[in-house]
Amino acid sequence: MSILELDNVTLKFGGLTAVNKLSFSVEQGEVFAIVGPNGAGKSTVFNLISRFYDPYEGSIRFDGHDLLKQKASGVASFGVARTFQNIELFDHASVLQNLLVGRHRHRQSNFLSELFFTPSVKRQEMQNRQLVEEIIDFLDLQAYRDKMIAGLPYGVRKVVEVGRALATDPKLLLLDEPASGLSVEETSDMRWWIDDIRRQMGITVLMVEHDMGLVSGVSDRVLALADGAKLALGTPSEVQSHPAVIEAYLGKAS
Ligand SMILES: Nc1ncnc2c1ncn2[C@@H]1O[C@H](COP(=O)(O)OP(=O)(O)OP(=O)(O)O)[C@@H](O)[C@H]1O
């Protein structure tokens, strides 16, 4: 069953067509990767799904709903969470505090009940804490739990950002270049986190990634883009050996 469906989606920046009549769907429970050379339109596709941009034409459906009727601020409560190419965390807050921010969308209380810290607010706060502690354990972040983000190594911050997205309890996790800036060893760890997120948490993962080792190791299917359009779609090995993909990456000489 498809959880996300893009149909004939186009986005233009002035005279430049960044995404061109693109259609694809992501199945529930799979890891789906989008690859392509620089400027292929990968981040723009993410920004369309996150509702940062309105398409010029086409439809985007998520979990049976018209995603284009949602504002960007409503996408998280719909069950879509994302990480960013340039990590976006609160630098002067702890790992725990950053993850608790991710729980914010589940807050059902109003201002007065929060002011007087009513039993329901207390109960909700305890549930939030418990879920966040589970994520800290799941991602092996116990050693960093109370540390400020600003002082953490880059690789740890990348994992915390995944944790913050998981704290929103998503059905679909969008990972924007999860391996960028990571060492070989950290990339290998990231591969296992992504695999565990899918297998143990049952969350569908859509990622944009340049590291073909990570893409091949963890993805069920891969979509290759060039100039905003679909070049190939299939298993990692089908896409990597597709003539149009080889040509897009290496040029006609290959
Ligand atoms: N806000 C914008 N305004 C104008 N043009 C843009 C904007 N964002 C992206 N573009 C252009 O749209 C095209 C697709 O860009 P996009 O960032 O989606 O590519 P990408 O595949 O993610 O590239 P990279 O791998 O380098 O991140 C590029 O030609 C880019 O210059």
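Helix H1 (residues 42–49) lies across strand E3 (31–35), E6, strand E7 (172–176), strand E8 (204–208) and E9. H1 runs at about 145 degrees to E7. Helix H7 (residues 184–201) also packs on the sheet, where it touches E3, E7 and E8, and its direction makes about 150 degrees with that of E8. Helices (H or I, at least four residues) and strands (E, at least two) are DSSP runs, numbered from the N terminus. Residues are in contact if their C-beta atoms, placed from the backbone, lie within 7 Å. Axes are lines fitted to C-alpha atoms, for helices over the stretch in contact, and angles run from 0 to 180 degrees between N-to-C directions.

The model is a predicted one: local features need pLDDT of at least 70, side-chain atom pairs count only at pLDDT 80 or more, and totals for chains, interfaces and linings use all residues. Residues are numbered from 1 along each chain as its sequence is written.

The sheet is open and has six strands in the order E6-E7-E8-E3-E9-E10, with mixed pairing. Strand E6 (80–82) and strand E10 (229–234) are its edges, each pairing on one side only. Neighbouring strands are turned against each other by 20 degrees on average, direction ignored. Two strands count as paired if DSSP finds at least two bridges between them.

E3 and E9 run parallel and are joined by four bridges; here Phe 32 stands opposite Arg 221 in E9. On to the next pair: strand E9 (residues 221–226) and E10 are antiparallel, over five bridges. Leu 223 has Leu 233 in E10 as its bridge partner, and Ala 226 stands opposite Ala 229. The hairpin of E9 and E10 has two residues between the strands, and Asp 227 takes a positive phi near 50 degrees there. Five of the six residues of E9 are buried, a residue being buried if 20 or more other C-beta atoms lie within 10 Å of its own, exposed if 12 or fewer, and partly exposed in between, with C-beta atoms placed from the backbone.

H1 is largely enclosed by the rest of the structure, because six of its eight residues are buried. These are Lys 42, Thr 44, Val 45, Phe 46, Leu 48 and Ile 49. Just after H1, Arg 51 takes a positive phi of about 70 degrees.

H1 also gives the most to the shell around the ligand, with three residues. Strand E2 (16–27) and H1 each supply at least two residues of this shell. Among the surrounding residues are Phe 13, Leu 16, Ala 18, Gly 36, Lys 42, Ser 43 and Thr 44; a residue is near the ligand if its C-beta atom, placed from the backbone, lies within 6 Å of it.

E2 pairs with strand E1 (residues 2–13) in the antiparallel sense through eight bridges. Ser 2 stands opposite Glu 27 in E2. In the hairpin of these strands, with two residues between them, Gly 14 takes a positive phi near 60 degrees.

Overall, the protein has 10 helices and 10 strands. Its radius of gyration is 19 Å, close to the 18 Å that the globule rule gives for 254 residues, so the protein is as compact as a globular protein of that length. The radius is taken over C-alpha atoms, and the rule is 2.2 Å times the number of residues to the power 0.38. Buried residues make up 36% of the 254 residues.

Key. Contact = placed C-beta atoms within 7 Å.
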